Amino acid sequence: MVEIVSLDGKWQLINNDKSIHITAYVPGSVFETLIEHKIIDDPFYGLNELDAKWVFESDWQYEIQFDVKPNFLKYKQIKLRFNGLDTFAHVYLNDELLGSTENMFITYEFDVKPRLKKVGNKLIVKLKSPTSKAREQIKKYTINLNTGYAAIPGVPYLRKAQFSFGWDWGPKLPDIGIWKSVEILGFDDLRINSVNSFSKIKYNKNPMEIQQHPEDFLLISPISAKLLIRVEIDSHLKNLSNQDYELKVDIRSPIGEIIAKKIPINKTEEIFEFELEKPFFWWTHDLGEPNLYEIETSILKEKVIDKIKHKIGLRDIQLITNKDRWGKLFYFLLNGIPLFAKGANWIPIDSFIPRGKKLGLYEMNLEFAKDANMNMIRVWGGGIYEDDYFYDLCDKLGLLVWQDFPFSCSIYPYYEEFIDNVKKEAIQNIKRLRHHPSLALWCGNNEIEWLWNIILEKKFKIEDPVILLKFKNGYVNVFEKIVPDLIKKLDPLQSYWQSSPSNGFVGLNIGKSDSNSPNHGDSHFWAVWHGGKPFSAYRKFNSRFMSEFGFESFPSLKTINNFCPSDQLEFNTPILENHQKNSAGNTKIMKYMKKRFTIPEEFEKQIILSQITQAEAVEYGVEHWRRNRNEFHCMGALYWQLNDCWPVASWSSLDYYGRWKALHYFAKRFYRPIFGSVKEEKNSVEFWVSNDKKKSVNVILNWRIYDSNENILKKGTYKSIIEPCSSKMLGMIDVSDINKTKKDLQNHAIFYNLKKKDDINNIIHTGFRLFDNPKSFSLKDPELELNFHEIEKNQLEILDIKINIKTNHIALYVFINADSLDFIASDNYFSMEPGETRVITLKHIRLVDSHKKLTFQDIKKRIYVSSLYDLQK
């Protein structure tokens, strides 16, 4: 049998130069351990990041002493496995060097059979400073490779999370440590190396034959599936036949039905084939149920020798890139249904990644992504191949994953040693992740193809044509040959896209094509924010798939108070500037705010307005691209970014502590599967409904146009059937007669709501739009009225609260807040018509800095509701 002994838990962390010898826990990291022992102050607070440089400039040593049971030494093979070492280590067992490591993303195994003892084993891991290693590489190869102005130089030479050296939203805190589990494996003749499954789905109709006819999506249905399970076996035996070993696969369906097959083992790769009638398919949560089957694979010989369990989903996902009248398509076809991808870009959950997992940040961020109606997460190329738990959660929650390989915003070494390292990394991680139904796409890198000329000419000033050609050949070798060939071999049913953004393979023409063309492939759009363009610029960029765009804001004051003393609560103080890594970012936030709002003196009001500005910007783009889904003109919008790795002013919609910014509430609305929007111009207004469901929906859209005195200038109702997977303009009205002057334009507002015809008492979407900037609209006190209602306590004895909010006048950006409470609202930062009432539920209510149980009265007295009128009065 295969026996595993975990070495996770208590180790010793040593730095002799600093006379440090302390307890450390594995998995973990140096920074995490030093913070726990109060040897360093929290690097996230104030300017402490700047004082932490000595940590990553130092070498560190982990040690553990352990015993094994006497019988364990009888195994023919004994391996020491490190699932993740960060990054440059020499490993010693009982004073003998086992080997070295140089890649954070690789699992390393060492043969310890000759060296292991029953008692008194001493394992030492000596870790080298990553920045010292980076400087060595720069000196050796004479080119100062880096990922940008916000980063410590040299990280492209290292196979380490690129963001850790600094990014324009993240600190310069490259971590060190044993960041994943350590274990010893004992076995005799064979063990399971990997298990992979391929599902081939049979449909009642050919999905590609009906893609141009949305009404036919009702008719298409997957009806059966063939499941192939490939098992790779690791064995030293030259001949496995006649050894009496058997391989067994048990499949448990989502309703508990079990199918099993058993075969004799004759070779190191065996394949099982199952025909599944009436199978349960895996869908994104917005299109159906993310059904999961449990696969148990066992090696048997009188008893169980080795066993692996994992979950799979039966699904067919394809990236469609056929030619069309604009250029080339770019969309995902899931089980025959064209999916409009709605979501955000993902960065590592914490600067100190093992700590983030312990804090529950994976669950928090991904569950909140689902709550905001997202169906896709892009794992960005400056981070990591994520933890297994991340993909398990995405499988369970029905979230697709666009997976970048971890290369971003730089050229990378072309020499053989580096490329061999990358190849090992790719093989291991393709095998590790390929069984997940959530995995939708492998993507080679982030922005290298698009930024090629800028990187070479402006950043590194490489002019030698020989060196330029070597870098080009290196790029093509990795991203257009090695990686796609490995995917064809190891994960053949999965799609590969070589860079983001890109129009497709470019070969040695890299730098000569428009990699960010809106007519082919995916796009990144930064004219809004980095380019300083107004929100209206989004409507001029008709992307096929918008995989990155965004806008910055500050986190909430509660979050800022966690890292900033009260005497520094101004946009441009040293601490807030240090917690803003984008060049002149705080100034840019204020500049955009001033265009749209009257700026209040109070800092908290300013940061709320920064969040509203961010939310408006992203909403403006998403609305446009969702309206463009017909004929697959645009089929995705993934904004930058979902989460933060530390408390910071950034593009995120969830801050480091999981507090929802205004953008996340907006996203919950603008990512709804059935969604209404307006396209306003000076002389016209178009009313649209998007339906991302598999079925048609019969809707009623009511609209009114008010002036600032609350006179209804125009109103109307549209009734229509919206075909599945489509957008429809319900109508266009002429408003030239009411928008005759600039003052008219500034003081008119459109309000609308959307209902299903068969459920007219339930509004499924509400929205509003001004014709000009909010500061120009003449607001009056909305006279908001509140009524609180207690709901039953949940299992944790935490109260949920309902609030009835009534407004007597137009109320823009109504928001619920509490200085000392955290909560998640069912809706927030919404706008209301005169006389309207909203019912809002507050969940996950807790004190900011205490676990004290709250009464209904405690909660009620702490909550207040405000609107734009209060921010600007």
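## Terms and model

A residue is called buried when its relative accessible area is under 20%, exposed when over 50%, and partly exposed in between (1.4 Å probe, protein chains only). A salt bridge is a side-chain nitrogen of Lys or Arg within 4 Å of a carboxyl oxygen of Asp or Glu.

This is a predicted model, in which local features need pLDDT of at least 70, side-chain atom pairs count only at pLDDT 80 or more, and totals for chains, interfaces and linings use all residues. Residues are numbered from 1 along each chain as its sequence is written, and side-chain values use heavy atoms, with hydrogens and water left out.

## A buried pair and its network

Glu623 is buried at 1% relative accessible area, and Arg769 is buried at 8%. The two form a salt bridge, with the closest N and O atoms 2.8 Å apart. Glu623 belongs to helix α13 (residues 603–627) and Arg769 to strand β35 (residues 759–770), so the bridge links parts of the chain 146 residues apart. Salt bridges with shared partners join Glu623 and Arg769 with Arg539, Glu619, Glu680 and Glu681 in one network.

Helices (H or I, at least four residues) and strands (E, at least two) are DSSP runs, numbered from the N terminus.

## Two further salt bridges

The salt bridge count comes to 51. In one of them, Asp387 and Lys357 have their closest N and O atoms 3.1 Å apart. Asp387 sits in the loop between β22 (376–379) and α6, while Lys357 is in helix α4, so the pair ties together parts 30 residues apart in sequence. Asp387 is buried at 14%; Lys357 is partly exposed at 38%.

Lys122 and Glu63 also meet in a salt bridge (3.9 Å, N to O).
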